[in-house]
Amino acid sequence: MLWLILLASYLIGSIPTALIVGKLVYGVDIRDHGSKNPGATNTLVVLGKKAALFVLLVDVGKGIAATYLPIYFNLETEPLYFGFTAVLGHCFPILAGFRGGKAIATTAGALIIANFPLFLITYITFFLVILLTKYVFLGSLSVGLSILTYAFLSPKLESELIFLFFSLFLIFLHRSNIRNFILGIEPKITDKNLNKDRIPPKGGGFKM
């Protein structure tokens with residue numbers, strides 16, 4: 001049962017939301033546009049607000065669903081592990097050639113179920129870092145740092161090694177952003193040139 005639920009968690013995470021929206025509604029592979037990342041942020045840049053909101057909600061929902069599975073089946077194990085399995089599926093989806101997103105939305109969904117106070121701390125920090133620096137990738141990296149710091153300071157969490165690996169995993173996922181930042185070419189969220197990547201929808205627009 002444990003391995004079946006872990007597999008289900010991975011497959012839930014593997015649902016390529018941004019890719020599906022891009023192809024069905026806009027007739028494009030979002031991985032060929034903007035930052036080439038099939039996540040909510042690039043969806044916002046390339047496909048617009050409505051598409052990005054839909055992708056964000058579904059990707060968060062993937063984390064929620066996967067993390068709730070062990071609770072539903074009364075497994076005596078840490079639900080967050082299943083949420084992180086969904087995150088792994090989101091980043092390396094078997095349903096999309098293992099070319100996925102960068103973990104942030106699905107991680108949020110996992111934390112909402114597994115540890116809501118940690119969710120609040122982590123994503124308040126996420127938005128504050130973006131607000132102060134104007135760089136989304138720095139906000140994303142702060143997610144790993146916040147979780148790791150909370151794990152070391154909280155007596156209720158004993159998974160520091162796992163959260164350390166998760167932080168390193170986020171650094172790996174954002175390695176191109178880090179390189180671009182060092183080279184001085186990483187765009188800020190206020191960069192007006194991002195609008196040049198916007199793609200008009202086919203068939204009248206994205207319906208919600």
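Helices (H or I, at least four residues) and strands (E, at least two) are DSSP runs, numbered from the N terminus. With that in hand, the protein shows ten helices and zero strands, and its pattern along the sequence reads α-α-α-α-α-α-α-α-α-α.

A word on where the values come from. This is a predicted model, in which local features need pLDDT of at least 70 and side-chain atom pairs count only at pLDDT 80 or more, while totals for chains, interfaces and linings use all residues. Residues are numbered from 1 along each chain as its sequence is written, and side-chain values use heavy atoms, with hydrogens and water left out.

**Inside and outside**

Of the 208 residues in the protein, 48% are buried; buried means under 20% relative accessible area, exposed over 50%, and partly exposed in between (1.4 Å probe, protein chains only). The protein exposes about 11100 Å², and 69% of that comes from carbon and sulfur atoms. Such areas come from the Shrake-Rupley method with a 1.4 Å probe, and for residues, only the protein chains shown count as cover.

Contacts (heavy atoms within 4.5 Å) tell another part of the story. Among those between residues at least 6 apart in sequence, 64% join residues at least 24 apart.

**The nonpolar cores**

A nonpolar core is a set of buried Ala, Val, Leu, Ile, Met, Phe, Trp, Tyr and Cys residues joined through side-chain atoms within 4.5 Å. The largest one here has 26 residues, and Tyr123, Val143, Phe166 and Leu170 touch the most other members. Helix 5, helix 6 (104–114), helix 7 (116–133), helix 8 (136–153) and helix 9 (160–173) each supply at least two residues of this core. Helix 8 gives the largest share, six residues.

What does Tyr123 touch, not counting residues up to four places away in sequence? The list is Ile104, Thr107, Ala108, Leu111 and Val143.

In soluble globular proteins, nonpolar side chains tend to be buried together.

Most residues other than glycine have a negative phi. Lys36 has a positive phi although it is not a glycine, and Asn74 does too.

| Residue | Phi | Loop between | Relative accessibility |
|---|---|---|---|
| Asn74 | about 55 degrees | helix 4 (49–72) and helix 5 (79–91) | 66% |
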